[in-house]
Amino acid sequence: SSQIRALTISSERKDDLPMHVVTGTKVGVLGGGQLGKMLCQAASCMSIKVLTLDPLENCPASGISYCHVVGDFNDGEAVRDFARRCDVVTVEIEHVDAVMLEKLEQQGIDCQPKASTIRIIQDKYLQKVHFSRHGIPLPDFLEIDNIESAEKAGSLYGYPLMIKCKRLAYDGRGNAVAHSKDELSSALTALGGFGRGLYVERWTPFVKELSVIVARGRDGCISCYPVVETIHKNNICHIVEAPADVSQKVKELSLDVAQKAVGSLEGAGVFAVELFLTGDGQVLLNEVAPRPHNSGHHTIESCYTSQYEQHLRAVLGLPLGDSSMKTPAAIMYNILGEDEGEPGLKLAHDLIGRALKVPGASIHWYDKSDMRKLRKMGHITITGPSMNIVKSHLNSMLNNDQSQTA
Ligand code: ATP
Ligand code: MG
Ligand code: MG
């Protein structure tokens, strides 16, 4: 039945895409974190059946997915057994067994985006090689496999030098900065040494970080979300402002780089393209995620079609929705753990208590089992009639303006 449905959704009979394709197709999502949860939330409006695979029984998506399967998305057998229960397979995390996905694809399993896309992206070095071959502008980078090659890269690119793990990176956890040659060995040790697979990037003194979510349907149709600014705290996405406060020229350049990058990858879905804007107006690619992304959380409240619904439409072969904003401005604020355990929870709950009183604020709490420092525990999106008003609401929520919260 898997085969038959896959054919149905990729057929040209678009006018014949009635609700039975929507409700009769099982969408398998590898991963059950907050992105999986928000995919399930979007799915429920149209009664799309989302199955999730995650090692945690009580992961964020588990409570609302159509069927939650406990298993490791890095374990080939678990991925295979899960995929066989689904009509189309997609991801909410790129750190999955992509080699198994490629094998399954050859056996007729429908994976969107394509397994090759996930395999390229999950290795950041391979990703950089791929994009540079496709002429996408990005910071210089070099593989390193011993201290000599690291020192050589240091003298070539200068310091600070960004050192990155090729694989399993997220929230800046696979990155270390060496500010001088003397700091090289401690930075390398902090990342776990050369055995982990490392490469270096030339430091980019960006003035802003931007992001573009690009959606591509099964028919190749493209829709881009507005360019947003992402503001990081300790290498972790912390605040997203939509739309970004940059010139029209920078917006066009960002959309151009993002579309080119996604154009070089195969398969349907939404893709997030993280970008650096330099002082001289260049836009460089940082990395791409083959899935919904933190920089697109705001779309739930601020766009006609959220990135989550868009991703489902894309993988199901439905027409893409309108990705433009329906509110003039939005800010997304990530609730990052400030402390471990109860003290951290208390701070987060106080913040949510204040957010409940802020006009235009929507609260998302992921209900993760452990509160940890700098962990993404939830987020708050504030929409409003102008960026200034949204910013003042954010300040009152953060208690920077006592008069509003007294
Ligand atoms: P994510 O959670 O986005 O997947 P990640 O762990 O993959 O994060 P990166 O996106 O590689 O990490 O880097 C995290 C942050 O570090 C970037 O958003 C940026 O602020 C900074 N950064 C990364 N590369 C560079 C660079 N070459 N020069 C300067 N800063 C950089
Ligand atoms: Mg990353
Ligand atoms: Mg990143």
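Setting aside neighbours within four places in sequence, Glu287 touches Lys124, Gln127 and Glu274, where contact means that the C-beta atoms, placed from the backbone, lie within 7 Å. Please keep in mind that this is a predicted model, in which local features need pLDDT of at least 70, side-chain atom pairs count only at pLDDT 80 or more, and totals for chains, interfaces and linings use all residues. Residues are numbered from 1 along each chain as its sequence is written, while chains are lettered from A and ligands numbered from 1 in the order in which they are written.

**Glu287**

- Glu287 sits in strand β14, residues 283-289; strands (E, at least two residues) and helices (H or I, at least four) are DSSP runs numbered from the N terminus.

**Ligand 1**

- Ligand 1 is surrounded by 19 residues, and the closest are Met162, Ala169, Gly172, Glu201 and Thr204; a residue qualifies if its C-beta atom, placed from the backbone, lies within 6 Å.
- Strands β6 (161-165) and β14 each supply at least two residues of this shell.
- The shell holds five nonpolar, seven polar and seven charged residues; Ala, Val, Leu, Ile, Met, Phe, Trp, Tyr, Cys and Pro count as nonpolar, Asp, Glu, Lys and Arg as charged, and the others, Gly among them, as polar.

**Helices α5 and α6**

- The axes of α5 (residues 98-106) and α6 (residues 115-122) come within 8 Å and cross at roughly 165°; axes are lines fitted to C-alpha atoms over the stretch in contact, with angles from 0 to 180 degrees between N-to-C directions.
- The two helices, α5 and α6, are therefore roughly antiparallel, a label for angles over 145 degrees.
- Ala98, Leu101, Glu102 and Glu105 of α5 meet Ala115, Ser116, Ile118, Arg119 and Gln122 of α6 in this contact.
- By class, the α5 and α6 contact has four nonpolar, two polar and three charged residues.

**Arg85**

- Arg85 lies in the loop between α4 (76-83) and β4 (88-91).
- Arg85 is partly exposed, with 14 other C-beta atoms within 10 Å.
- Apart from neighbours within four places in sequence, Arg85 is in contact with Lys26, Gly28 and Leu51.

Methods. Angles under 35 degrees count as roughly parallel, over 145 as roughly antiparallel, 65 to 115 as roughly perpendicular and the rest as oblique. Two residues are in contact if their C-beta atoms, placed from the backbone, lie within 7 Å. A residue is buried if 20 or more other C-beta atoms lie within 10 Å of its own, exposed if 12 or fewer, and partly exposed in between; C-beta atoms are placed from the backbone.
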